[in-house]
Amino acid sequence: MNEVKAQAKPFDISKAEVWAAWVKVRGNQGAAGVDGVSVAEFEKDLKNNLYRIWNRMSSGTYFPPEVKAVAIPKSGGGTRILGVPSVGDRVAQTVVAAHLSDRVEPVFHPDSYGYRPGRSALDAVASCRQRCWKFDWVVEFDIRKFFDTVPWDKIVACVEAHTDARWVVLYVKRWLAAGLRMPDGTTTERLEGTPQGSAVSPVLANLFLHYVLDEWMDREFPGCPFERYADDGAPRTQQEVLM
C-alpha cells in the first residue's frame, strides 16, 4: 500500500524537507501575504497546512498565490516595491531554495556575499576595506532595477544547469509568473523579474549573477578582484577604471 501511494506522487519531496522549510520560515517571521494569514495563525493548524503544501508540491498541483506588493521608502527618495508571499508560499519557496542552495553553493564565487549561509554584508565590507589599501581605483556599482528586470528564460536556464529535479524547474517558473497584488488591490501581471522579498529570489539572483557577472569578471578581468552583495558590487584595479 505504501509503495502504491509513493508511486502516485510524481515528485520526490519529503515531508522532512517541508518541515525544515517551516522551521526556517517561523524563525524569520515576517508579515502576512495576500491571504492575511500570519505566522502565528498558520501555526494554529500547522499539521494540516504543512501536509497540504507537501501533498500539492509532490503531486505537481501546487500553484502559488499572488504576491503582496509593499512599498518601502528608499533612503535617497522614492519607494521600492517588495513582494511578500503568503506564509504557506514562503514554506514552499524555502523547500526549493534549500534544494538549489545545496547544489549551487559549492560553485559560487568566493567574493559573492549576499544572502549566502555563513556570509554577511560585514564580510563583504571587510574584504573591500582590506583591498582598498592595495589598489588605486574602486568602482562601486548597483545594477539598476535588477530584481525587476532579470529575464526569466535566463534564470530558468541557470536552474536547469544545476538540477535535474523537474519539480524545482516547474515551481520556479510558476513563482516567476505569479501576479503582484498592488496596494490599491489591483494585480500586476509580470513578464520579467523576481520580487525582492520572496524566499527563493536570493538564490535565483545569485545563480544568474554568478554566470553573467562573477564568471565574466574572472574571465575578462582576472586581475581585477571584486566583492558582490546581491546586485551591488565593488571591483577595483591598479591601472584603469572599468567602464
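Reader: Which residues line the largest cavity?

Author: Quick word on the source before that. This is a predicted model, where local features need pLDDT of at least 70 and side-chain atom pairs count only at pLDDT 80 or more, while totals for chains, interfaces and linings use all residues. Residues are numbered from 1 along each chain as its sequence is written, and side-chain values use heavy atoms, with hydrogens and water left out.

Author: Now the idea: on a 1 Å grid over the protein atoms alone, a cavity is a set of points where a 1.4 Å probe fits but cannot get out, a pocket is an open set with protein on both sides within 12 Å along at least five of seven lines, and lining residues have an atom within 4 Å of a point. Here, the lining of the largest cavity consists of Val67, Asp89, Gln93, Trp175, Leu176, Ala178, Arg190, Thr194, Pro195, Ser198, Val200 and Ser201. Two elements, helix 5 and helix 9 (166–177), each give two or more residues to that lining. Helices (H or I, at least four residues) and strands (E, at least two) are DSSP runs, numbered from the N terminus.

Reader: How much space lies in the second largest pocket?

Author: About 440 Å³. Closest to the centre of the second largest pocket, out of 17 lining residues, are Lys74, Arg80, Lys145, Asp148 and Gln196. Strand 2 and helix 7 (146–149) each give two or more residues to this lining, which splits into 7 nonpolar, 2 polar and 8 charged residues.

Reader: Okay, helices next. At what angle do the axes of helix 5 and helix 10 cross?

Author: Axes are lines fitted to C-alpha atoms, for helices over the stretch in contact, and angles run from 0 to 180 degrees between N-to-C directions. The axes of helix 5 and helix 10 cross at roughly 30° and come within 9 Å. That makes helix 5 roughly parallel to helix 10. As for the cut-offs, angles under 35 degrees count as roughly parallel, over 145 as roughly antiparallel, 65 to 115 as roughly perpendicular and the rest as oblique.

Reader: Which residues make the contact of helix 5 with helix 10?

Author: Contact means heavy atoms within 4.5 Å. On helix 5 they are Ala97, Leu100, Ser101 and Val104, and on helix 10 they are Val203, Leu204 and Leu207. That gives 6 nonpolar, 1 polar and no charged residues.

Reader: How close do the axes of helix 2 and helix 5 come?

Author: Within 8 Å, crossing at roughly 120°. Helix 2 and helix 5 are therefore oblique to each other. From helix 2 the contact uses Glu17, Val18, Ala21, Trp22, Lys24 and Val25, and from helix 5 it uses Val87, Arg90, Val91, Thr94 and Val95. Here the classes are 7 nonpolar, 1 polar and 3 charged.

Definitions and conventions
Grid points are joined across faces, edges and corners, and a volume is the space filled by probe spheres set on the points. Ala, Val, Leu, Ile, Met, Phe, Trp, Tyr, Cys and Pro count as nonpolar, Asp, Glu, Lys and Arg as charged, and the others, Gly among them, as polar.
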